[in-house]
Amino acid sequence: MDEHWRDASGNHRKDRARILTDATEALWTTDKGKPDRDLMRTALQRWSYNTAHRGDECTVDIENAIAWADKHTVVLTALAEPSVVRAVLKRITEKKDGTPAAASSAVKAKRVLSHTLDYAVECGYLTANPLSAVKWKAPKVSRELDRTSVPSPKQVRALIDSVTRHKPSGPRLNAFFSTLYLTALRPEEAVNLTWGDVHLKPCSWDHETQQWCPPEAEHDWGEIVVREVAPDVGKRWTDSGELRDRRQPKGRAVGEQRHVPCPPKLTRVLRRHREEFGEGPGGLVFFGVQGRQLATCVYQDAWARARRQVLSKAQQATPLAEAPYDLRRACVSLWLEQGIVPAQVAAWAGHSQEVLLRVYAKCISGNEERDRRRAASGFKGF
């Protein structure tokens with residue numbers, strides 16, 4: 001944890017601490033006198049495997065749990081035994097209740113364990129990574145988009161209208177969810193968006209009406225620049241001590257940015273949003289009723305409430321529009337279905353083309369008939 005802490009994101013720090021806590025549960029030498037499981041997990045995750053807070057003051061219960069763990073785990077060299085490392089591998093690829101973890105979670109956990117054991121070899125504690133001696137078949141991870149999770153434009157309209165009607169946060173969340181849907185921004189990108197990164201065409205003065213008027217709707221395109229993201233990871237995992245970890249956009253180097261077109265439908269929404277609510281702290285576009293950065297729980301709760309009000313019981317039992325992130329997926333799907341070149345879609349969405357084509361393959365292949373007609377029309381005159 002200490003070796004990788006500085007360069008890891010808050011989410012990666014948190015994930016590694018959880019996975020190493022899971023691994024430690026398979027390494028007790030005895031269960032005699034072991035503290036309550038939830039207490040032990042809290043002690044390990046929030047203190048033992050947290051580089052920044054390991055030395056912080058804690059309760060007597062936490063101190064006792066850490067002391068018990070120090071005395072009752074196997075020595076590191078015991079991991080050279082295939083049976084021991086297999087037990088660890090089994091534990092980290094399960095949930096707390098013993099049921100199998102999701103395929104993607106299992107693969108990630110195995111990767112973290114392998115990196116940890118590689119470091120033990122590097123430090124001279126083990127002669128070789130013992131995982132190489134254990135046969136383990138990685139579960140297949142589905143990378144394709146589940147089309148049942150993608151809402152239609154009418155469904156999105158109904159969901160956002162439902163959010164808007166709920167006071168006090170609803171009216172200001174209209175523009176937030178509209179932005180996710182119409183530009184494919186990730187929630188952690190949208191919450192950190194400032195007006196300095198939203199470029200809209202200027203209004204012109206109408207002498208007859210004596211008021212400022214926006215450009216004609218069809219020409220009222222703008223642009224949004226994504227410079228920094230702010231995922232909500234918790235205060236204990238960020239360098240700043242704030243809830244959100246401010247970092248460069250996903251898959252990009254420090255200082256890189258992404259330009260996304262802002263369609264006329266959204267420019268009108270954003271203009272109204274600014275007129276009604278003004279600017280948030282630091283020029284934020286979206287912020288809460290208390291004047292602070294928009295909290296994750298606020299928009300997640302609003303979305304869950306709207307989903308209950310708009311969708312039928314049968315639809316609620318499916319992945320349809322399960323989370324705000326599905327608005328991004330719906331946008332990317334529509335871009336591809338409209339025949340926009342995948343390379344352009346990848347640039348707007350902040351994906352590599354490889355990931356885009358793998359995840360959204362069905363959105364592209366679903367237009368084969370249209371593409372055949374287009375291909376044939378290109379040979380006119382032959």
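I call a residue buried under 20% relative accessible area, exposed over 50%, and partly exposed in between, using a 1.4 Å probe and protein chains only. I worked from a predicted model, in which local features need pLDDT of at least 70, side-chain atom pairs count only at pLDDT 80 or more, and totals for chains, interfaces and linings use all residues. I number residues from 1 along each chain as its sequence is written, and my side-chain values use heavy atoms, with hydrogens and water left out.

**Entry 1: Thr296**

I looked up Thr296 under that definition. Thr296 is buried, at a relative accessible area of 12%. I place Thr296 in helix H11, residues 296-310. My helices (H or I, at least four residues) and strands (E, at least two) are DSSP runs, numbered from the N terminus. I then listed contacts, meaning heavy atoms within 4.5 Å. Leaving out residues up to four places away in sequence, Thr296 touches Asp232 and Arg244.

**Entry 2: strands S4 and S5**

I checked how S4 and S5 pair. Two strands pair if DSSP finds at least two bridges between them. Strand S4 covers residues 222-226 and runs antiparallel to S5, with five bridges between them. I traced Ile224 to its bridge partner in S5, which is Val260. S5 spans residues 258-262, and four of its five residues are buried.

**Entry 3: helix H10**

Next I took H10. The helix has 14 residues and reaches 20 Å from its first C-alpha to its last. I compared that with the expected span, which is 1.5 Å times one less than the number of residues. The reach is close to the expected 20 Å.

Which residues of H10 are buried? I noted Pro264, Leu266, Thr267, Val269, Leu270, Arg271, His273 and Phe277. What do these buried residues pack against? I found helix H8 (170-183), strand S1 (198-199), S4 and S5. After H10 comes Gly278, with a positive phi near 70°.

**Entry 4: salt bridges**

I searched the whole structure for salt bridges and got 21. My criterion is a side-chain nitrogen of Lys or Arg within 4 Å of a carboxyl oxygen of Asp or Glu. Side chains of opposite charge can pair when their charged atoms come close.

I looked at Arg271 and Asp220. Their closest N and O atoms are 2.7 Å apart. This pair links distant parts of the chain, 51 residues apart: Arg271 is in H10 (residues 264-277), and Asp220 is in the loop between strand S3 (211-213) and S4. Arg271 and Asp220 are both buried.

I then looked at Arg18 and Asp22, a salt bridge at 3.7 Å, N to O. The two are four residues apart in helix H2 (residues 10-24), so about one helical turn separates them. An α-helix has 3.6 residues a turn, so residues three or four places apart point the same way. Is Arg18 buried or partly exposed? Arg18 is partly exposed at 30%. Asp22 is buried at 5% relative accessibility.

I also logged Glu242 with Arg246, at 3.8 Å, N to O. Glu242 is partly exposed at 39% relative accessibility. Arg246 is also partly exposed, at 38%. Elsewhere, I traced one network of salt bridges with shared partners: Arg18, Asp22, Glu25, Arg37, Arg41 and Arg91.

**Entry 5: aromatic rings**

I found seven aromatic pairs. I pair rings of Phe, Tyr and Trp (its six-membered ring) if their centres lie within 6.5 Å; planes under 30 degrees apart count as stacked, over 60 as edge-to-face, and the rest as tilted.

Phe176 and Phe177 are edge-to-face, 5.3 Å centre to centre, with 65° between the planes. Phe176 is buried at 0% relative accessibility, and Phe177 is buried at 0% too.

Trp335 and Trp348 are edge-to-face as well, 5.1 Å centre to centre and 65° between the planes. Trp335 lies in helix H13 (residues 325-337) and Trp348 in helix H14 (residues 342-349), so this pair ties together parts that are 13 residues apart in sequence. Trp335 is buried at 11%, and Trp348 is buried at 19%.

I also traced a cluster of ring pairs through Phe176, Phe177, Phe286, Tyr299 and Trp303.

**Entry 6: charges over rings**

Last, I looked for charges over rings. I required NZ of Lys or CZ of Arg within 6 Å of the ring centre and within 35 degrees of the ring normal. Arg236 lies over the face of Trp47, 4.5 Å from the ring centre. Arg274 lies over the face of Trp195, 4.6 Å from the ring centre.
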